[in-house]
Amino acid sequence: MSQSYEASAQQTSFLSRRGLLAAAGAAGAAGAAGLVTAAGPAAAASPASPASRRRSAALVVHNARVFTGTSVHAATTRHEAVAVGRDGRILAVGSDTDVKRYVGRDTDVVDAAGGTVMSGIHDGHAHPMDAASRSLRPSLAGAEQTVAELRKTLTGFLKDSAEQEPDGWLVVEDWNPVGLLPHGTAPHHTMLDALPTRRPIALRGGDGHNLWANQRALDIAKITASTPDPVGGRIVKGTDGKPTGVLKDDAQPLVSRHIPEPDETRLADAAAKTLAEAAASGVTTFMEAVVGRGELKLYQRLAESDRLLQRIVPAVRIETDMTKDPAAAVSYAKKLRAEFADVRGLRFGTVKVFLDGVIEYPAQTAALLEPYLDKDGRPTDHRGDLYVSSAEYGRLSAAFNAEGWQMHAHAIGDRAVRTSLDGYAYALRKTGRRDLRNTTAHLQLVDPADLPRFAALGVVACMQLQWAARNTWTMDALLPYIGARRHRWQYPARSLQDRRAALAGGSDWPVDPLQVWNQIRTAIDREGMDGEGDLYRAEEGLGRTSSLLMHTLGTARQLRSDRLTGTVERGKAADLVLLDRDVTRSPVADISSSEVRMTLVGGTVVHDAQSSAGRAAAARVTRAAAGPRPTAYASVHGRHASCGCG
């Protein structure tokens, strides 16, 4: 630490004192709440007055590599220090010498030791509340197993909860829908029926689009050979016409609605740990990518107990059948907003619609322009499942856009992507609104003809680029079934960027573990720490600055909060992260192992790596990163009848 700083303030080697939490947080706690729910981001981002510039800061971080994130050229300007005001906003950004004048007798000073200070990560598509729910249940962690090995694992789970015989549900998370060995083995309820139990069993696919039930669970749900497929879902049946036990997409609630919900107190405690884990990963804003009343009530409970650490943009799910009645859908979303409008930390204005499912074999519910191929490369007559037509999506988008609401579409296959763009084009013609930043998420497969349409229509491409690596799911479970020509257009990030599309990032947590920095790294090298080679790096890999911007300012723009957050500038909210290394210069592969030393939201410290709580949260992040990788490349969908995620 430099002598000039030592002479100016009482020092901390790092955030080891609660004094920092009080200093940065006393006014900042109120400031964080106020900045979320203030009259508008313009007021929150107004420049500090000359008088405020002379005030001492609550916190100064120096000896840093400050990534301001204001543009792709910002990385060329060297800044070393940031001052955080007592109102939760950034007072100054500049050289150590420039920022020294904000150090007062009660200013906490942090030596960054050359690490990066940057905007907090904005996650434009995640499911933190589902992550909390999953954490309360046993998990298969995406493992690939033979039927015998799976039965052994499940038998262990049954023994661990033997007191729940004979009627308690065994619900197991993160089942790998493509993981039965040898590859190609199809799941069937008889495999689960052979377990030594009478209990109903449900294995929830890590991709959120598949559920596997035993016969007892099917009986409870009254699912038989004559049960029709629900809108937006499919009951898989065998050659004998009887249910196999596998339910896809919106067929899952036929079973899951019978599963008892976790105790509310346990769930809230799990959710608080989940958000602490996210803070330890550097996330300061989430879009909760599907909410109903259940999720909103949980957020309300967290806010009331001062455990809501991040800014949350809830995306209200519009069920498939409701997409046919835009007026009813708008009314439903408005009623939810009115009911929860006073919850501190929530900002409404986004709705979510599922246009298709997932693309990997054997699910193949993603909607394609051309048919899937069979395992030998021959065309089939199957083009996946499109849950909402272009006309329906257009009318729905126009209705919500006219009310100032933003659309967020789940679209994996190229036909679903085109459907979203056609719908947005219709809405633009009807409303003339280009300012709402309608969004298409996932974009696993995009037809090249549609790439220029994103910029032309002002549509944000929200991509989960931790999936853009060469592995079982992008190769074995996909390449034979779509062919090399289409396969090359997986996650076309650079192609979209080259055509001036607005890029945003998201994790889809807990479909994948929350590995923020590996996600940022994989967007660059298209391999990541778990890849078996790169996935079209030369064609689609992003530059380092572009990847950092995508996950900060790019997503802040998606969420319409870029006048408040997303960059490190004077007057903006102090939503900041301090890393243990300089991610603007370190080897790309080293970005994956970046550790977060400090996270602030509105000037309030929400993660301190040296505190006991911070160490515990960081340990959970490390354990998740070290565990087996789940199999999903899409949404968490249909946890219970009133909620789907994805």
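Lys572 is buried, at 8% relative accessible area, where buried means under 20%, exposed over 50% and partly exposed in between, using a 1.4 Å probe and protein chains only. Its salt-bridge partner is Glu569, with the closest N and O atoms 3.6 Å apart. Glu569 itself counts as partly exposed, at 33% relative accessibility. A salt bridge here is a side-chain nitrogen of Lys or Arg within 4 Å of a carboxyl oxygen of Asp or Glu.

A word on the background before we go on. You are looking at a predicted model, in which local features need pLDDT of at least 70 and side-chain atom pairs count only at pLDDT 80 or more, while totals for chains, interfaces and linings use all residues. Residues are numbered from 1 along each chain as its sequence is written, and side-chain values use heavy atoms, with hydrogens and water left out.

How many salt bridges does a search of the whole structure find? The search gives 32. One of them joins Asp174 to Arg134, whose closest N and O atoms are 2.7 Å apart. Asp174 belongs to strand S9 (residues 170–175) and Arg134 to helix H6 (residues 128–134), so this contact ties together parts that are 40 residues apart in sequence. Helices (H or I, at least four residues) and strands (E, at least two) are DSSP runs, numbered from the N terminus. Asp174 counts as buried at 11% relative accessibility, and Arg134 counts as buried too, at 5%.

Next, look at Arg453 and Asp422, a salt bridge with its closest N and O atoms 2.9 Å apart. Arg453 lies in helix H16 (residues 453–457) and Asp422 in helix H15 (residues 414–431), so the pair links parts that are 31 residues apart in sequence. Arg453 is partly exposed, with a relative accessible area of 21%, and Asp422 is partly exposed as well, at 29%.

Now for a sheet. Four strands form an open sheet in the order S4-S3-S1-S5, with mixed pairing. Strands S4 (90–94) and S5 (108–111) stand at the edges with a single partner strand each, so one side of each has no neighbour in the sheet. On average, neighbouring strands of this sheet are turned by 10 degrees against each other, direction ignored; the axes behind such angles are lines fitted to C-alpha atoms, for helices over the stretch in contact, and angles run from 0 to 180 degrees between N-to-C directions.

Inside the sheet, S1 (residues 59–62) and S3 (residues 81–84) run antiparallel and are joined by three bridges; two strands pair if DSSP finds at least two bridges between them. Val61 has Val82 in S3 as its bridge partner. S3 also pairs with S4, in the antiparallel sense and over four bridges, and there the bridge partner of Ala81 is Gly94 in S4. The hairpin of S3 and S4 has five residues between the strands, and in this hairpin Gly88 takes a positive phi near 85 degrees.

Which way do the residues of S3 point? Ala81 and Ala83 point one way and Val82 and Val84 the other, and all are buried. In a regular strand, side chains alternate between the two faces of the sheet.

Aromatic rings come next. Rings of Phe, Tyr and Trp (its six-membered ring) pair if their centres lie within 6.5 Å, with planes under 30 degrees apart counted as stacked, over 60 as edge-to-face and the rest as tilted. By this rule there are six aromatic pairs. For Trp467 and Tyr491, the ring centres are 6.3 Å apart and the planes stand at 55 degrees, so the pair is tilted. Trp467 sits in the loop between strand S20 (460–463) and helix H17 (479–487), and Tyr491 in the loop between H17 and helix H18 (493–498), 24 residues apart. Trp467 is buried, at 0% relative accessible area, and Tyr491 counts as buried, also at 0%.

Rings can meet charges too. A charge sits over a ring if NZ of Lys or CZ of Arg is within 6 Å of the ring centre and within 35 degrees of the ring normal. The charged end of Lys352 sits over the ring of Phe354, 4.4 Å from its centre, and that of Arg488 sits over the ring of Trp489, 3.8 Å from its centre.

Our last stop is helix H19 (residues 516–525), which is mostly covered, with 10 of its 10 residues buried. Among them are Trp517, Arg521 and Asp525.
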